Amino acid sequence: IELVAHLPPTIEKLTVKNAEFGREFIGAVIDRVKEFHNLKFLMLDKALVGGIDGGQEAGVRLAEVLVCHTSIERLYVWNTDLIGEINVEQWGNTLLKNKKLTYLGLDGVTEVIKEQLRKATRDRSPKIDIV
């Protein structure tokens with residue numbers, strides 16, 4: 001967590017991989033993303049919160065941050081518990097509001113969830129690729 005706090009605020013790319021450290025760690029990453037005004041690329045790969053719905057609660061926090069974040073263009077949420085049935089509607093709303101994000105990579109998320117997000121954003125301009 002301390003490492004995340006010391007990342008420079010001017011970074012353009014952040015990859016968090018194999019970080020199964022729980023809610024506090026993911027919370028620290030999400031809080032720090034708020035401060036990265038030049039961040040264009042964010043990848044969370046195998047970053048797990050754990051618990052029955054703890055990951056999706058943290059996912060809602062990330063979605064809320066992304067509503068106002070105007071520099072991230074590419075977001076990869078791979079093999080996490082941040083997006084699922086409980087918060088897919090919140091993510092759809094976020095993707096409609098954030099016009100800068102043009103690519104959302106979802107590995108480890110069911111095709112049903114991906115399709116719900118595609119449907120929610122089908123009239124969005126600019127278009128967003130959800131794969």
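Predicted model: local features only at pLDDT ≥ 70, side-chain atom pairs only at ≥ 80, totals over all residues.
**Notes on the fold and a few local details**

1. P126 sits in the loop that runs between α5 (111–120) and β5 (129–130).

2. N18 is not a glycine, yet has a positive phi of about 55 degrees. Its place is the loop between β1 (13–17) and α2 (23–33). N18 counts as partly exposed because its relative accessibility is 46%.

3. N79 is the other asparagine: a residue that is not a glycine, with a positive phi of about 55 degrees. N79 belongs to the loop between β3 (74–78) and α4 (88–97). Is N79 buried, partly exposed or exposed? With a relative accessible area of 29%, N79 is partly exposed. For context, most residues other than glycine have a negative phi.

4. Now to the sheet. It is open, has five strands in the order β1-β2-β3-β4-β5, and its pairing is parallel. Which strands form the edges? They are β1 and β5, each of which pairs on one side only.

5. Two of the strand pairs can be followed in detail. β1 and β2 run parallel and pair over five bridges, and T15 stands opposite M43 of β2. β3 is likewise joined to β4 by five bridges, in the parallel sense; here W78 stands opposite D107 of β4. β4 is mostly covered, with four of its five residues buried.

6. The largest nonpolar core holds 38 residues, and those that touch the most other members are L82, L104 and L117. Two or more residues come from each of β1, α2, β2 (41–45), α3 (54–68), β3, α4, β4 (103–107) and α5. Which element gives the largest share? That is α2, with six residues. In general terms, nonpolar side chains tend to be buried together in soluble globular proteins.

7. Neighbours within four places in sequence aside, L104 is in contact with L75, V77, L95, L117, I128, D129, I130 and V131. One of these, L117, is also among the residues that touch the most other core members.

8. Finally, the packing of α4 with α5. How far apart are their axes? The distance is 9 Å, and the two helices pack at an angle of about 40 degrees. The crossing of α4 past α5 is right-handed. From α4, the contact is made by V88, W91, G92, L95 and L96; from α5, by I113, Q116, L117 and A120.

Technical notes:
Residues numbered from 1 in each chain as written. Heavy atoms only, no water. Buried < 20%, exposed > 50% of the residue type's maximum accessible area, 1.4 Å probe, protein only. Core = buried A, V, L, I, M, F, W, Y, C linked by side-chain atoms within 4.5 Å. Contact = heavy atoms within 4.5 Å. Pairing = 2+ DSSP bridges. Axes fitted to C-alpha atoms, helices over the stretch in contact; angles between N-to-C directions. Left-handed = near helix turned anticlockwise from the far one by under 90°.
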